[in-house]
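Visitor: I would like to learn how to read a multi-chain model feature by feature. Could you take me through one, giving the general idea before each case?

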Amino acid sequence: MHDFEAVIGLEIHVELSTASKIFCSCPTTFGAEVNTQCCPVCLGLPGSLPAMNRKAVEYTVKTGLALNCRIAQHTWFDRKNYFYPDLPKAYQVSQQDAPLCTGGCLEIPMGEKGTKKVGINRVHLEEEVGKSLHAGETIIDAVYSLLDYNRAGIPLIEIVTEPDIRSAEEAQVFLESLRNIVRYIEVSDCKMQEGSLRCDANISLRPKGSTVFGTKTEIKNLNSFRAVRRALEYEIKRQAGVLKDGLAVEAETRHWDEQKGITIAMRSKEHASYYRCFADPNLVPLDLAAEWIGQMEAELPELPGARRQRFIDGYGLPEYDAQVLTSSKEMADFFEEVVKGYNDPKTVSNWIMTDILRHVKDQDEETEGIPLAPASLVELLQLIEQGTINRNQAKEIVLPEMFEDGKSPRQIVKEKGLEQISDTSQLEGVIASVLEANPDVVQDYLGGREKVMGFLVGQVLKETKGKANPRLVNEMIREKLKQ
Amino acid sequence: MSVTKQEIKRLGEMIYLDLTDGESVRFADLLNLVLKKADDLLSGLKDKPLRHISQLRNRMREDGVGIPLPKEKVLANAAETQDGCFRVPRILED
Amino acid sequence: MTIAGMSVVEILEGQQRGEFTPEEVLRAHLDRIEAEDVGAFLRLCPKGSPGKGLLQGVPVALGDEVCTEGVETTAGSRILSGFVPPYQATLVGKLEGAGAAVVGKTNLTEFGLSFAMEDALFQRTQNPWRSGTTPGGAAGGAAAAVAAGQAPAAVASDTGGDVRIPASFCGVVGFTPTYGRISRYGVIQHAPSLTQVGLLAQKVRDIALLLKVLAGEDPQDATTLPGELPDFLEKPGEPGSWRIGIAPEAYRSCAGGDVYQATEELWQRAAEELGWQLVEVDMSWLDLAQVARRLIAAAESSSSLGRYDGVRYGYRAKDAQDMRELFSRTRAEGFGEGVKGEMLLGTYILGDQAHYEAYYLQALRARNLVYKSIKDLWQQVDLILTPTTPRPAGEGETPLEIFTGPSNLGGLPAISLPCRLVGGLPVGVQLIAPAGEEGRLLRAAHVLEKMIDFASSRNGGGQRA
Ligand SMILES: [Mg+2]
Ligand SMILES: [Zn+2]
């Protein structure tokens, strides 16, 4: 493995979250009943014509800007011709010759190694195809297939990286960072399990130090971040094996088999069809004014990189905290909302990064939101500060309840009767009886063994079933024994 | 450079069109005739390619949702349907 | 005069004077269709006149490439036989909104790819002027219907002369507006960069009226022209002021002697009687334009006709075992020979980088050359006058679209008027105007039409058989 370097490029398709499809007003809702979101246009009926969705163009341009791309001032749409039953017109409207966005880059965090720049070759706009459902275990042994065109015509952007990625880990981090940005600018929900984010990878190996590219394979069916990483790790090993045996890597498309954890050759690249692309006469070109592009740029929200820096500079957070907190827009938003109500950024950060993230991670991989109202975390932190409950109670009892049924911390504390006793008159009797019952310990304390104070406080807590405010009890005992 | 019968068959495969031998021969003749004329008249032109005859630019619609076709109408012209879908024989990868 | 055979304007005026009702108008035309079977219609779909408007009670025939909701629409191809669109073309709604009555769907060559009407697959359409003679194509059914008095007007698409060629052969007026003037939404097309929705009628004023109803921006066709509609006819023209471009040398080399002579006589009369100023211009690019248009049409067809695959609608081959077989056999059995040839040609010129550059890209360069050449002509002339077809109906070497194709390449409005009879059959004369100048075109055509007085010359030259 040490002899070879991997050269990886990714091709990512992202469904845009417009309300209607790219060329017609059909809705884009996920999971609707089959063939109920179709019209003459997205079914490719004879005579129908496309009408471009402005928002799809805006979203593509915004994505390009967020990825530091140049935006084409003059561009048009091509027909990419091929036959497949899920492709209603036998061509996909795409942008072969004049992509909207070119020449960008994305800087990805690589832990101690700092950051790494991955070049973005292009971001272009195209249309989604329909869905084939195969009757049978796999596409191979299906006897027939069923076509649902609900998805056909959803706007899709294709993002192609330069072959700058050098490891499976980098590929995964790149994909996570890209997804984060796309979610930040709110042009897609990027749900891999719903197919709104899909990734293909091109990978080749070359001897370390070489500048020539080896023969590459294309890997398809990468349906999760984990799959991207595992498939590339596998493929690197496989190609290295082939090369070490003195054989040649075949230029081919390979399918990632998630169950078996291997890639399988699908078809040879030599037979790959030429798409006979040419400009679609039914869509007029776009001439994008610099002014309009500037407006799109102005509408972009703060991006993850800038936000990370602001978290360090503005809240005085360590770099690690800032990185974790800005790795999803929802989490960063949550953090900032909580800090507004409870102005101790490091404490808030600690809570989010440890206890809250632990709960979130127990849930679905792709749930980005924190299912808590920021105000309720503020309330919880205030309850601790005010001494109504202690940190342990907050973590072990109140927080899980908050996740469980969404009740406010105050309500949970009340229902569970967790309020600490901070009323000195209530505590005085208990303290007196504890001291009376432990004369030896009291003597030890008075003799200078201050450590035994812990035991005495513990006894008081035990008597009050944990409700006594330990800090107060400590003070009161100290005061009493001074006399 | 002359288009052969074999080449016509390959073009037919590209666009999913089964061709008989007779057709392939006739179409090869047709293409050779047209392409010869094109070679004579078009080669050497240096003008900028005119990609769009429409002088219009930036025609876009707002992102509004309308009413799709009822499912029965979507499927009405299909040769074969099943479970609300268009049914086709198995799809073999090339 | 019987109702069937009247012009649109005559029908409207007759109704206004209370001489007949929309129902009687429709009946008269349906009777004529039955009485004189020229094979113009593939099917009839009379619903009666839907209401009031500019075209109230006017029967209109539609080429079968125009989608009509609930009425089978085939574009002349077996691969679409049985296809019943669940939607209608924008233009159908506009016609009905103006009170016109769609009578039926007319015959055309398969997808309108061939200009030789003999290639039509479903039925033979006769030229009403002489049985056994072609009416020209692709919109042969529409032209025959108007010529035979079976509908006073027809709408059909034009990608290279599909409306003007049969208009010329059948002795009626054929018109194509500026690219984008009439919505193409719902019109089945093979080469959308060349397609203009054309109109057929007996008189120029009828065309102006139809255009007024059909023109305008359509949100469902991105190429439709926005903005104010030009005044198509109402403004009185100044017949003396037009500078007319002609290219005698080019015409002589493309058109038959009789046709050339008819055209030359016409422009000389126009100069003498109308005071039109003749300007000889260079049109040496006619052959180049013809080849370029054909290559572009073929390339676009190879893509546009890919959707006919037997999955969602139209013909499907029986008992295919897998998808490859379903596609290949459906398309082999569903398409006719002419369409297959053009699709293969288009696939060849797009099918690899070298061919793309040598043919498709060169055709786009030629298109620009023609576009710019004509644009330059407008410095010298207001209109261009050409023969419409190189010959009357019948065999010949020169491609039929030699004179009509350039306006499709350039997206320009053009009109063919019946000029005179050659060997007992009509031939047309064509006027071409700059983009957006339908008003100028129709005013000049109106004046020229009066001068020609084809109806009288028809009596002199022999009545339609
Ligand atoms: Mg793509
Ligand atoms: Zn739709």
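Guide: What follows goes through the metal site, the sheets, the domains and cores, and a few single residues.

Guide: This is a predicted model, in which local features need pLDDT of at least 70, side-chain atom pairs count only at pLDDT 80 or more, and totals for chains, interfaces and linings use all residues. Residues are numbered from 1 along each chain as its sequence is written, chains are lettered from A and ligands numbered from 1 in the order in which they are written, and side-chain values use heavy atoms, with hydrogens and water left out.

Visitor: Which residues coordinate the magnesium ion (ligand 1)?

Guide: Donors are N, O and S atoms within 2.8 Å of the metal (3.2 Å for Na, K and Ca), and since water is not among the atoms, sites may look incomplete. Here the magnesium ion (ligand 1) is coordinated at 1.9 to 2.4 Å by His13(A) through NE2 and by Glu126(A) and Glu158(A) through OE. Along the sequence these donor residues follow the spacing H-x112-E-x31-E. Because Glu126(A) lies in strand β7 (residues 115–127) of chain A and Glu158(A) in strand β10 (residues 155–161) of chain A, the pair ties together parts that are 32 residues apart in sequence.

Visitor: Are Glu126(A) and Glu158(A) buried or exposed?

Guide: Buried means under 20% relative accessible area, exposed over 50%, and partly exposed in between, with a 1.4 Å probe and protein chains only. Glu126(A) is buried at 2% relative accessibility, and Glu158(A) is buried as well, at 9%.

Visitor: How should I read a sheet, and which strands form the one in the order β5-β4-β15 of chain A?

Guide: Strands (E, at least two residues) and helices (H or I, at least four) are DSSP runs numbered from the N terminus, and two strands pair if DSSP finds at least two bridges between them. In this case 3 strands of chain A form an open sheet with antiparallel pairing, in the order β5-β4-β15. Its edge strands are β5 and β15 (278–279), each of which pairs on one side only. Strand β4 (residues 78–81) and β5(A) are joined by 4 antiparallel bridges, with Lys80(A) opposite Gln92(A), while 2 antiparallel bridges join β4(A) to β15(A), where Arg79(A) stands opposite Phe278(A). Helix α9 (residues 286–304) of chain C packs on this sheet, touching β4, β5 and β15 of chain A, and its direction makes about 60° with that of β4(A); contact means heavy atoms within 4.5 Å, and the angle, on a scale from 0 to 180 degrees, is taken between N-to-C directions of lines fitted to C-alpha atoms, for helices over the stretch in contact.

Visitor: What can be said about the two faces of strand β5 of chain A?

Guide: In a regular strand the side chains alternate between the two faces of the sheet.

Visitor: Which sheet draws its strands from chains A and B?

Guide: An open sheet of 4 strands has the order β8(A)-β9(A)-β2(B)-β1(B), again with antiparallel pairing. The edges are β8 (131–135) of chain A and β1 (81–82) of chain B. Between β8(A) and β9 (residues 144–148) of chain A there are 5 bridges, and Lys131(A) stands opposite Asp148(A).

Visitor: How is chain A divided into domains, and which residues have the most contacts inside the largest nonpolar core?

Guide: Domain bounds come from an automatic or database domain assignment, which gives chain A domain 1 (4–295), domain 2 (301–416) and domain 3 (424–482). The centres of domains 2 and 3 of chain A, taken over C-alpha atoms, are 34 Å apart. A nonpolar core is a set of buried Ala, Val, Leu, Ile, Met, Phe, Trp, Tyr and Cys residues joined through side-chain atoms within 4.5 Å. The largest has 253 residues, and Leu91(C), Phe111(C) and Leu448(C) have the most contacts inside it.

Visitor: Where are Gly334(C) and Lys36(B) placed?

Guide: Gly334(C) is in helix α10 (residues 323–334) of chain C and is buried at 0% relative accessibility. Lys36(B), in helix α2 (residues 21–42) of chain B, is partly exposed at 49%.
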